[in-house]
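Open the model in your viewer and keep the sequence panel beside it. The tour moves from one selection to the next.

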Amino acid sequence: MDELLLRAPFELREYRTMMSAYPTGVSDVTATDDEGRRRAMVVGSLTSISLSPPLIGFFPDKMSTSWPPIGRAGRFCVNILGTHQLDLCDRFAVRAEDKFAGLVHGFSPSGQPLLDEVVAWMDCAIDRVIEIGDHWLVVGAVEAMGRSGDRDALLFHRGSYVGVAGKEAR
């Protein structure tokens, strides 16, 4: 077995490389802020926390400029992206004044931006936010959800976007 053993202390780069071996799903978290502006951020850390009550979580970086206005909104919609939506991932992963410019979309039951043709979506109220290391743990109470057929989810693995079974995304 070709194995490299690293013990603390180790370089942050080595830790990041190690974690990249674990594929993560890609989602866009959207919200309408208190001024009525649409906000969005890409999340690769979405996780189910509880079935009863239904709670999900994600981990925005404390340095994120997208998270604060979403947090102040008090609610958000998780849009789970499909392999056909790498363009939306790219759009929402950058800093921009209006990430939604020219984009047609719907709205979740609570009025949050709901992206067209996503694999699935969850409309959530913020249950709590907990400080953890250099990130926040945002816990969302799922109030409504939906699915769009049997599309493959977009994954991030070893520094690249892929589909299920390692299929190239696009």
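**First stop: serine 48**

Select serine 48, which lies in strand β4 (residues 47-50). Helices (H or I, at least four residues) and strands (E, at least two) are DSSP runs, numbered from the N terminus. This is a predicted model, in which local features need pLDDT of at least 70, side-chain atom pairs count only at pLDDT 80 or more, and totals for chains, interfaces and linings use all residues. Residues are numbered from 1 along each chain as its sequence is written, and side-chain values use heavy atoms, with hydrogens and water left out.

Is serine 48 buried or exposed? Serine 48 is exposed because its relative accessible area is 55%. Buried means under 20% relative accessible area, exposed over 50%, and partly exposed in between (1.4 Å probe, protein chains only).

Now show the neighbors. Serine 48 touches Leu55 and Ile56, leaving aside residues up to four places away in sequence. Contact means heavy atoms within 4.5 Å.

**Second stop: glutamine 112**

Jump to glutamine 112, in the loop between β7 (106-107) and β8 (113-114). Glutamine 112 counts as buried because its relative accessible area is 4%.

Which residues does glutamine 112 touch? Not counting residues up to four places away in sequence, they are Thr30, Ala31, Thr32, Arg75, Phe76, Cys77, Gly106, Phe107 and Asp123.

Next, look for polar contacts: pairs of N or O atoms within 3.5 Å, where, within protein, one must be able to donate a hydrogen and the other to accept it, and residues adjacent in sequence count only if both atoms are side-chain atoms. A polar atom of the glutamine 112 side chain lies 2.8 Å from the backbone nitrogen of threonine 32. The side chain of glutamine 112 also reaches the backbone oxygen of serine 110, at 3.2 Å.

**Last stop: the whole protein**

Zoom out and color by secondary structure. The protein has three helices and 12 strands. Its C-alpha atoms fill a box of roughly 50 × 35 × 35 Å, taken along the principal axes. Of the 170 residues, 35% are buried.

Among contacts with a separation of 6 or more, 62% come from residues 24 or more positions apart.
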